[in-house]
Amino acid sequence: MSVKDPVWKYNWVRNHEPEIFQKVYKWLDVKDYLVARCTGNITRTVDSAFSTFLYDTRKGKERWNLDLARMYDVKPEHLPILIQCSDEAGKLTSKAAKELGLPEGLPVFGGGGDATLTGLGAGCSEVGQTHIYIGTSGWVSTLMDHQAVDFISMITGVMAGTRGYYNYFAEMETAGKCLEWAKDHLALDEIGVYAREARMADDLESGYISLYDYLTKEAGQVPAGSNGVIFAPWLHGNRCPFEDSSAAGIFFNLKLDNGKRDMIRATLEGICFHLRWMLECETAKVKTSDRIRFVGGGALSPVTCQMLADITGRVIETVESPQDAGAVGAAALIALGMGVINSPEAAGKMITVNAVYYPNSANKAVYDRNYRVFRKLYKNNAAAFQALNGALEEK
């Protein structure tokens, strides 16, 4: 388990903020806290319970595992009532309704976390369907009707939004965050040159959106393989297929004739290389789909979509407003809970494809070559990462 997992945060509060810990009534995830604020009912959905590693997924059990709770020194009385993601948690109270400007008595549902909702919002509602997400982080996820674990590659089947289903889930810590880093430190730092060329709007938000669009278009002018530059996207450590909080980013094979455009394209390719690595690890254990739904902010860029198709060798499909896939998944769970639809599969069929990207065989050789080198970068540098970053953490 990673030190970033919830059970260690619980223990950190106990050890470092005892005056707060003494006041704890129940231990909730963020959205479960918001549901409690809305309804006055304190519950936790099974997907967020699973993320604590204190939930028993075995058929016939499906409850908090109190033996594990005691082993990790979690007080059983802090564990709230469990509900399914599509269960109604309660009604909107008058106080909450007034604060939100909504009608009192609206039904409030359990909902789910980003990993739970995004696949459903991508339209992956049938067993074996795979989706890829690029937002701040990134992941590869395949819907399954049974549990599976790969201890070597750090992949497990996390609880899905509906009972009896799991998302076989492989995560990288920084994906779109790497492009944000490139924007801030490669594009904007040089006296705003890229910003002026893109004619960014004064409004900060729309400016960022137009600059991301501009950067990916510029990256599209660089040939596949980024003129030999390879980027490792481990700017905040990594989880899968290796877990190492000391791992860090790398620009590898820079030469005098490489420029920032090569580095920006290499950033995108590095994200896609890592996604391919996780996809291959999933495929070694379970059957993944030939057509992959691609969602998140990264899916807004046709350049990135085509790059992902070329690097993975899979057909990539996008949906309308891919950055809102999580919200669409939440709406689907509510519809399921209210009986508007009768199955997750019905929700999936309502989410249609708006663009398809096929692998370009002309780019296969250079991408396969660079990917082979990419796969070696962590192993070849793990000791150096530990010497630099592990020592800093210990200090």
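# Pockets, cavity and cores

In α7, the buried residues are Ala 115, Thr 116, Leu 117, Thr 118, Gly 119, Leu 120 and Gly 121. That leaves the helix mostly covered, with seven of its eight residues buried. Here buried means under 20% relative accessible area, exposed means over 50%, and partly exposed is what falls in between (1.4 Å probe, protein chains only). Helices (H or I, at least four residues) and strands (E, at least two) are DSSP runs, numbered from the N terminus. Just after α7, Gly 123 takes a positive phi of about 95°.

A word on the model itself: it is predicted, so local features need pLDDT of at least 70 and side-chain atom pairs count only at pLDDT 80 or more, while totals for chains, interfaces and linings use all residues. Residues are numbered from 1 along each chain as its sequence is written, and side-chain values use heavy atoms, with hydrogens and water left out.

On a 1 Å grid over the protein atoms alone, a cavity is a set of points where a 1.4 Å probe fits but cannot get out; a pocket is an open set with protein on both sides within 12 Å along at least five of seven lines, and lining residues have an atom within 4 Å of a point. Grid points are joined across faces, edges and corners, and a volume is the space filled by probe spheres set on the points.

With those rules, one cavity of 30 Å³ or more turns up. The largest cavity has a volume of about 110 Å³. Its lining is made of Thr 116, Gly 119, Leu 120, Cys 124, Ser 125, Leu 143, Ala 160, Gly 161, Thr 162, Tyr 165, Asn 167 and Pro 344. The top contributor to that lining is α7, with three residues. By type, the cavity lining has six nonpolar residues, six polar and no charged. For this count, Ala, Val, Leu, Ile, Met, Phe, Trp, Tyr, Cys and Pro are nonpolar, Asp, Glu, Lys and Arg are charged, and the others, Gly among them, are polar.

The largest pocket holds about 1,400 Å³ of space. It is lined by 40 residues, and the closest to its centre are Asp 5, Ser 51, Phe 53, Val 158 and Arg 239. Two or more lining residues come from each of α1 (6–16), α4 (46–50), α7 (114–121), β9 (149–150), β10 (155–159) and β11 (166–172). Strand β10 gives the most, with four residues. The lining of the largest pocket splits into 20 nonpolar, nine polar and 11 charged residues.

As for the second largest pocket, about 540 Å³ of space lies in it. Of its 20 lining residues, Leu 179, Tyr 212, Gly 297, Gly 298 and Leu 300 lie nearest the centre. The elements giving two or more residues to this lining are β7 (130–134), α8 (176–187), α10 (204–219) and α11 (260–285). Here the residue types come to eight nonpolar, nine polar and three charged.

Now for the packing. In soluble globular proteins, nonpolar side chains tend to be buried together. A nonpolar core is taken as a set of buried Ala, Val, Leu, Ile, Met, Phe, Trp, Tyr and Cys residues joined through side-chain atoms within 4.5 Å. The largest such core has 59 residues, and those with the most contacts inside it are Trp 234, Leu 275, Phe 294 and Phe 374. Helix α11 supplies the largest share of this core, 12 residues. A second, separate core of 26 residues includes Val 74, Leu 79, Cys 124 and Val 158.

Not counting residues up to four places away in sequence, Leu 275 touches Ile 132, Tyr 133, Ile 134, Gly 138, Trp 139, Val 140, Met 172 and Leu 308. Thr 318 is found in strand β15 (residues 315–319) and is buried because its relative accessible area is 4%. With the exclusion of residues up to four places away in sequence, Thr 318 touches Phe 294, Ala 299, Cys 305, Thr 352, Val 353, Asn 354, Ala 355 and Tyr 357.

There are zero disulfides in the structure, a disulfide being a pair of cysteine sulfur atoms within 2.5 Å. Cys 240 is in no disulfide, and the nearest cysteine sulfur, that of Cys 281, is 5.7 Å away. Cys 240 counts as buried, at 1% relative accessibility, and Cys 281 counts as buried at 12%.

Gln 22, by contrast, is exposed, with a relative accessible area of 70%. Its place is in the loop between α2 (18–21) and α3 (30–39). From Gln 22 to Asn 227 the separation is 205 residues in sequence and 58 Å in space, C-alpha to C-alpha.

Note on methods: Contact = heavy atoms within 4.5 Å.
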